[in-house]
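Please have a look at it first.

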Amino acid sequence: MGLAKTEAEIADRAARFLKAEPKRADVTYEELARRLREHGLNETRDSIAAKLKRGTFAATFFLACLAALEVEGLRLEDL
């Protein structure tokens, strides 16, 4: 797929990745919200769904989700 070339493409790929990763890990948005609270983010199932639907979120949210989902490695080309 190669590296994204525009900001919009980066945002779209990051959002699609964060939508798919909980499904791969068999983690619901409710469970992800619980895990994010353990990492200091006050999120709910609905706030997570809204961010992913909108497709925009802070890098801190993205990184916290990776930690909460225990993603051990990520290649930028995979986004």
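With which residue does Arg13 form a salt bridge, and how far apart are the closest N and O atoms? The partner is Glu9, and the closest N and O atoms of the pair are 2.7 Å apart, where a salt bridge is taken as a side-chain nitrogen of Lys or Arg within 4 Å of a carboxyl oxygen of Asp or Glu.

Before I go on, a word on the basis: this is a predicted model, in which local features need pLDDT of at least 70 and side-chain atom pairs count only at pLDDT 80 or more, while totals for chains, interfaces and linings use all residues. Residues are numbered from 1 along each chain as its sequence is written, and side-chain values use heavy atoms, with hydrogens and water left out.

Coming back to that pair, Arg13 and Glu9 both belong to helix H1, residues 7-24, and sit 4 residues apart, about one turn of the helix; helices here are DSSP runs of H or I with at least four residues, numbered from the N terminus. Arg13 counts as buried because its relative accessibility is 6%, whereas Glu9, at 28%, counts as partly exposed (buried is under 20% relative accessible area, exposed over 50%, partly exposed in between, with a 1.4 Å probe and protein chains only).

By the salt-bridge rule the count comes to 9, and a network of these bridges links Glu31, Arg34, Arg35 and Glu38.

Let me turn to the packing of H2. The axes of H2, residues 29-38, and H3, residues 45-54, come within 8 Å and cross at roughly 105°, the axes being lines fitted to C-alpha atoms over the stretch in contact, with angles from 0 to 180 degrees between N-to-C directions. The two helices are therefore roughly perpendicular to each other, a label that covers 65 to 115 degrees. The contact, meaning heavy atoms within 4.5 Å, involves Tyr29, Glu30, Leu32, Ala33 and Leu36 of H2 together with Arg45, Ile48, Ala49 and Leu52 of H3.

Terms used
Angles under 35 degrees count as roughly parallel, over 145 as roughly antiparallel, 65 to 115 as roughly perpendicular and the rest as oblique.
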